[in-house]
Amino acid sequence: MSLSRPLDRNHLMSLVPVQHALRHEWWSSVLRASIAGQIKAMRESRGWTQTELANRMDTHQEFVSQLENKAAKHPPTIKTLRRVAEVFDVALLIRFDGWS
């Protein structure tokens, strides 16, 4: 695949396997990586350590490490994401979107 042109969502989705289960597993992994990356980027942009974020969330550093782990087996719950948004003073946006 050429990287000379930017990839748009429709083009990316055309590369995804058509099979329902594979498509949803692929998208789950993309979502987990995106959430983990966003949490880490927000934390680092504020100059916080994982321990500092954990203290603000009233949890443990290991929990924050799992939130930032792109390969985590389970994505964070909506309740956890709402807490993260509160601590960072950002909006949490969740939406449904079609495959095509």
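Which residues does Leu-67 touch, not counting residues up to four places away in sequence? I looked this up in a predicted model. I found Leu-67 touching Ala-36, Ile-39, Met-57, Pro-76, Thr-80 and Val-84.

**Entry: the core.** I next listed the largest nonpolar core, and Leu-67 belongs to it. The core has 12 residues in all: Ile-35, Ile-39, Trp-48, Leu-53, Ala-54, Met-57, Val-64, Leu-67, Leu-81, Val-84, Val-87 and Phe-88. I noted that helices H2 (20-45), H3 (50-57), H4 (61-67) and H5 (78-88) each supply at least two residues of this core. H5 gives the most, with four residues.

**Entry: helix H5.** I then examined H5, where Thr-80, Leu-81, Val-84, Ala-85, Val-87 and Phe-88 are buried. These residues lie on the same side of H5, because they cover an arc of only 165 degrees around the axis. I found Lys-79, Arg-82 and Glu-86 exposed on the other side of H5. The buried residues of H5 pack against H2, H3 and H4. Just after H5, I recorded a positive phi of about 55 degrees at Asp-89.

**Entry: Arg-43.** I turned to Arg-43, which lies in helix H2. Is Arg-43 buried or exposed? I recorded a relative accessible area of 8%, under the 20% limit, so Arg-43 is buried. Leaving aside neighbours within four places in sequence, Arg-43 is in contact with Trp-48, Thr-49, Gln-50, Leu-53, Glu-68 and Phe-88.

**Entry: the surface.** Last, I looked up a nonpolar patch on the surface, formed by Ile-78, Leu-92 and Ile-94. Together they have about 270 Å² of accessible area. I placed Ile-78 in helix H5.

How values were computed:
Residues are numbered from 1 along each chain as its sequence is written. This is a predicted model: local features need pLDDT of at least 70, side-chain atom pairs count only at pLDDT 80 or more; totals for chains, interfaces and linings use all residues. Side-chain values use heavy atoms; hydrogens and water are left out. A nonpolar core is a set of buried Ala, Val, Leu, Ile, Met, Phe, Trp, Tyr and Cys residues joined through side-chain atoms within 4.5 Å. Buried means under 20% relative accessible area, exposed over 50%, partly exposed in between (1.4 Å probe, protein chains only). Contact means heavy atoms within 4.5 Å. Patches are made of residues with over 30% relative accessible area and no salt bridge: like charges are joined within 9 Å, nonpolar side chains (Val, Leu, Ile, Met, Phe, Trp, Tyr) within 5 Å. Accessible areas come from the Shrake-Rupley method with a 1.4 Å probe; for residues, only the protein chains shown count as cover. A salt bridge is a side-chain nitrogen of Lys or Arg within 4 Å of a carboxyl oxygen of Asp or Glu. The arc is that of the directions from the helix axis to the C-beta atoms.
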